[in-house]
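Have a look at the structure first, and then we'll start with the aromatic rings.

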Amino acid sequence: MKRPLTIIAAAFLAAFLLFGCATEGERPTGVASGQDAVNEYLKAEEIISDAEKLAERQKQAAAEQEKKVAPADLEQLGDLEPPPPPPPPPPPAVKKGAGPASIPIIMYHQVRNDKSGDMIISKGKLEEELAYLKREGYYSVSPSEWLDYCDGRIGLPQKCVILTFDDGWKSQYQNAVPLLEKYGFRGVFYVYPDFVGGSAAMNWKQIQSLAKRGHTVGCHSMTHPKLTPDKNESDRNYKARIKEEIIDAKKVIEEKTGISVTDFCFPYGYYSEDCFKLLDKAGFETATTVNAGQNSKNSDPYLLSRYQVNQSTSLSTFASWLAEPYAEAYLERPGDGARTKKGAECRLTLSDELLQAWRQGGEMTIRCNHEHPQFRQDGNTLIFRAPKDDARVTCAIKIKARDGRTYRRSFFFTQGK
Ligand SMILES: [Zn+2]
């Protein structure tokens with residue numbers, strides 16, 4: 001029964017890819033991913049905004065980056081292997097019940113000494129941050145360890161962090177892995193088959209070696225597309241397309257490496273409720289976004305927030321993220337990951353803690369892409385309209401409490417069909 005569906009799905013994917021190539025002829029392979037380009041414009045203090053403008057800028061940035069990464073730079077990366085792995089750090093002896101109330105997840109991209117883009121961070125910068133984490137007593141965990149802790153199966157040290165690396169860049173293997181191991185940390189590496197083996201990417205053998213060294217290998221789709229419906233894409237085509245990107249991508253990575261893959265990362269941070277269904281069907285346990293903020297024990301494991309480090313991110317900003325409390329808020333309407341009509345009414349409900357932080361003189365910012373919508377308050381709920389012309393909307397709330405603490409939370413949904 002599955003065979004004909006797979007063929008149909010493959011045909012849709014092939015058609016999509018051809019169409020994609022025809023419209024985005026400049027798409028670089030093996031040099032820059034769209035995620036990087038998008039994130040060029042994601043400053044630490046900002047949210048993703050105005051998806052259409054971003055897509056345009058992203059194309060330009062990707063083209064520029066392709067020009068900047070000269071072949072000589074790529075040759076320099078060579079095929080050097082990091083030194084043999086040290087034994088993985090022993091699991092901490094911690095009683096069940098103890099442990100952190102929330103966890104920060106950090107997001108990195110390329111790690112090499114190159115100033116051609118803010119998303120490329122230097123080895124020195126990564127080491128500065130890892131040394132800080134070590135000094136402050138942080139312990140790195142994998143997403144599945146975090147879930148085990150949330151479900152009460154294991155205890156964890158009081159200070160934990162998840163360190164994630166997107167796209168499968170070769171510079172992560174050569175530069176980030178030795179640094180992680182020097183400081184006794186383990187990383188999560190999200191790879192996508194379309195990029196693996198490219199001149200600036202890791203190959204399958206290196207990805208296998210990551211797992212052997214105690215790191216986590218996650219899935220970042222098959223081809224790094226937007227996992228939300230394209231303009232004029234039928235519902236049927238959309239669902240067939242994302243099935244390939246989620247279910248089939250997992251299979252390919254597992255077949256090529258022999259590693260069981262349970263963690264997903266949404267390209268560009270775009271997602272939908274249809275994605276969640278497929279993640280569940282495929283057997284994924286977690287998925288990460290690019291929404292900034294902490295994650296609590298009750299956070300949806302398919303909507304894990306992350307903080308993105310750029311070269312321009314200062315160590316004090318990095319330190320302040322780690323210290324942020326979890327911001328408990330719910331986008332009751334239209335719902336996180338929803339697909340809704342244009343100009344959706346948003347109902348954002350805040351916990352009493354957040355509401356108090358605002359009422360007691362805190363400074364609140366609400367953003368929907370580039371707009372700061374007018375809102376009215378009904379009890380704990382803030383009601384406002386999303387920008388009616390934007391197909392993809394990120395709503396973010398930030399409250400700077402008078403005691404200096406910052407609460408931060410973002411949501412994402414699509415409008416249109
Ligand atoms: Zn990416």
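A cluster of linked ring pairs takes in Phe264, Phe266, Tyr268, Tyr270, Tyr271, Phe276, Phe284, Tyr302 and Phe412. Before going further: this is a predicted model, where local features need pLDDT of at least 70, side-chain atom pairs count only at pLDDT 80 or more, and totals for chains, interfaces and linings use all residues. Residues are numbered from 1 along each chain as its sequence is written, and side-chain values use heavy atoms, with hydrogens and water left out.

Back to the rings. The structure has 17 aromatic pairs (rings of Phe, Tyr and Trp, the latter by its six-membered ring, pair if their centres lie within 6.5 Å; planes under 30 degrees apart are stacked, over 60 edge-to-face, the rest tilted). One of them, Phe276 with Tyr302, is stacked, at 6.4 Å centre to centre with 25 degrees between the planes. Phe276 belongs to helix α10 (residues 273-282) and Tyr302 to the loop between β9 (295-296) and β10 (307-308), so this pair ties together parts 26 residues apart in sequence. Helices here are DSSP runs of H or I with at least four residues, strands are E runs of at least two, and both are numbered from the N terminus. Phe276 and Tyr302 are both buried (under 20% relative accessible area; exposed is over 50%, partly exposed in between, with a 1.4 Å probe and protein chains only).

| Lysine | Ring | Distance to ring centre |
|---|---|---|
| Lys226 | Tyr268 | 5.4 Å |
| Lys250 | Phe284 | 5.7 Å |

Now for the metal. Which protein atoms are donors of the zinc ion? They are Asp167 (OD), His220 (NE2) and His224 (NE2), lying 2.1 Å from the zinc ion (donors are N, O and S atoms within 2.8 Å of the metal, or 3.2 Å for Na, K and Ca; water is not among the atoms, so sites may look incomplete). Asp167 sits in strand β4 (residues 160-167) and His220 in the loop between β6 (216-219) and α9, so these two tie together parts 53 residues apart in sequence. Asp167 counts as buried at 1% relative accessibility, and His220 is buried at 0%.

Finally, helix α9 covers residues 235-257.

Definitions and conventions: Expected span 1.5 Å × (residues − 1). Lys NZ or Arg CZ within 6 Å of the ring centre and 35° of its normal.
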